[in-house]
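Please keep the sequence and the model in view while reading.

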Amino acid sequence: MAASGSRVKVGIVGGTGYTGVELLRLLALHPNVDLTAITSRKEDGMPVADMFPNLRGYVDLCFSTPEKAALDQCDVVFFATPHGVAMNQAKELLDKGVRIIDLAADFRLQDTQVFESWYKMPHACPEVLAQSVYGLVELNRAKIAKARVVGNPGCYPTTVILGLLPLLEGGRKLVDTAHIIADSKSGVSGAGRKAEVATLFSEASDNFKAYGVAGHRHRPEVCEQLETIAGGPVGLTFVPHLVPMIRGMFSTIYARILPEAMDTDFQALFEQRYANEAFVDVMPAGSQPETRSVRGSNQLRIAVHRPGGGDQLILLVVQDNLVKGAAGQAVQNMNLMFGLPEDAGLRHIAVLP
Ligand SMILES: NC(=O)C1=CN([C@@H]2O[C@H](COP(=O)(O)OP(=O)(O)OC[C@H]3O[C@@H](n4cnc5c(N)ncnc54)[C@H](OP(=O)(O)O)[C@@H]3O)[C@@H](O)[C@H]2O)C=CC1
Ligand SMILES: CC(=O)N[C@@H](CCC(=O)OP(=O)(O)O)C(=O)O
């Protein structure tokens, strides 16, 4: 339940990154939130609004180092930090009654061996990991409501899992689960705000490239979830791409319909599954979703296609990688964990053009 009269004291570790500033944008106008602590090691003492002028008049805090910030006075702390940071501070905060939502991968993969092989570090607190919940609300709503630690899903996995969920859950045998393809594209903000050659304007603009074809850490995350949902092995080919836009993610998912499922009305299946979900929009048959239709909003849109009525199912899934793919989904998780309306602070319409 929400602490102290439905107000939640929130801390953010990593307030100067792209997901950190997106959390600030969403939480500054959240009706039940008091922003209490915001950290940056490099910008200690700087007023938040000096770094992010869009927050002038909305956020009057200064950044402070994680050591100085009163994180233990918060009801919940968001970690908008690189992988490996939250897991080293989780136990201490939990012991003080603070709940944790990690936007990195420390609490996503339940298999520590898989975590260690992809993230190249030992897991610092397997006992905390064991009690954490994968924060995909549309999949784990009841568990998240009771969770003390939530691993917020990766951006690509959010699109791929929500795109496939209606096909795999409930023991359904509708598509060939051994040969699913997810062809995904991300805007450059997906790589974060840190300086890197690959995200320079002259490298990333006027260019379009695949990366991580031999293996990307989001594939095991997707497979762990899909295999739990399907109750058996799932064969997934996942190829991410970098596209020259700032925000936005587009996953095109291909699944072969099984002979015995050819009579299925897939449009109806998706519409029924997501009918009560505030943030998943199943578009009318034949639609072509665009990333700009979700820019700045927590909405994820899915279009279901079956060209020529044949056996190839194609799912087009769009989201804003920084909102439903990160900070918005994290706020959705917080709302559930504190008994608040799931859409509190999240009713934004995308900006066009
Ligand atoms: N960008 C995206 O679209 C998505 C990102 N994510 C995940 O969210 C997390 C944050 O991503 P993003 O905002 O893009 O990253 P950024 O690189 O933009 O920001 C990282 C932030 O973490 C702080 N930080 C870095 N190292 C440490 C540390 N050791 N201890 C405390 N604070 C630290 C930085 O500030 P300072 O160094 O000053 O302390 C900075 O504020 C990552 O794990 C990322 O994988 C998840 C989904 C989507
Ligand atoms: C465009 C781009 O570089 N995207 C990032 C993934 C986005 C992300 O932050 O995912 P994690 O939280 O799992 O790291 C990448 O492929 O590494």
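Helices (H or I, at least four residues) and strands (E, at least two) are DSSP runs, numbered from the N terminus. This is a predicted model, in which local features need pLDDT of at least 70 and side-chain atom pairs count only at pLDDT 80 or more, while totals for chains, interfaces and linings use all residues. Residues are numbered from 1 along each chain as its sequence is written, and chains are lettered from A and ligands numbered from 1 in the order in which they are written.

**Domains and their contact**

The protein is divided into domain 1 (3-153 + 325-337) and domain 2 (156-321), with bounds that come from an automatic or database domain assignment. The C-alpha centres of domain 1 and domain 2 lie 25 Å apart. Across the boundary, 19 residues of domain 1 are in contact with 21 residues of domain 2, where contact means that the C-beta atoms of two residues, placed from the backbone, lie within 7 Å. On the side of domain 1 that touches domain 2, the elements that give two or more residues are α5 (112-119), α7 (137-146) and α12 (323-337), and the largest share, five residues, comes from α12. That side of domain 1 comprises ten nonpolar, six polar and three charged residues; here Ala, Val, Leu, Ile, Met, Phe, Trp, Tyr, Cys and Pro count as nonpolar, Asp, Glu, Lys and Arg as charged, and the others, Gly among them, as polar.

**The ligand shells**

A residue belongs to a shell if its C-beta atom, placed from the backbone, lies within 6 Å of the ligand. Around ligand 1 there are 31 residues, of which the closest are Gly14, Gly17, Ala104, Gly192 and Arg193. The shell around ligand 1 draws at least three residues from each of domain 1 and domain 2. Both α2 and α12 supply at least two residues of this shell, and α2 gives the most, with three residues. Its classes are eleven nonpolar, 15 polar and five charged residues.

Ligand 2 is surrounded by residues including Cys155, Ser186, His218, Pro240 and Leu242. The shell around ligand 2 has six nonpolar, four polar and no charged residues.

**Two helix pairs**

Two packed helices are described by the angle between their axes and the distance between the axes. The axes are lines fitted to C-alpha atoms, for helices over the stretch in contact, and the angles run from 0 to 180 degrees between N-to-C directions.

| Helix pair | Angle | Axis distance |
|---|---|---|
| α2 (residues 18-28) and α12 | roughly 45 degrees | within 9 Å |
| α8 (residues 155-168) and α10 (residues 218-230) | about 20 degrees | 10 Å |

Angles under 35 degrees count as roughly parallel, over 145 as roughly antiparallel, 65 to 115 as roughly perpendicular and the rest as oblique. The helices α2 and α12 are therefore oblique to each other, whereas α8 and α10 are therefore roughly parallel. In the contact of α2 with α12, Thr19, Glu22, Leu23, Leu26 and Leu27 of α2 meet residues of α12 that include Val323, Ala326 and Val331, and this contact has eight nonpolar, two polar and one charged residues. In the other pair, Tyr156, Pro157 and Val160 are among the α8 residues that meet α10, where His218 and Glu221 are among the partners; by class, the contact of α8 with α10 has eleven nonpolar, two polar and one charged residues.

**Backbone exceptions**

Most residues other than glycine have a negative phi, and most peptide bonds are trans. Lys120, which is not a glycine, has a positive phi of about 55 degrees and is placed in the loop between α5 and α6 (126-131). A cis peptide bond joins Leu352 and Pro353, with omega about -10 degrees, and Pro353 is found in the segment after α12.
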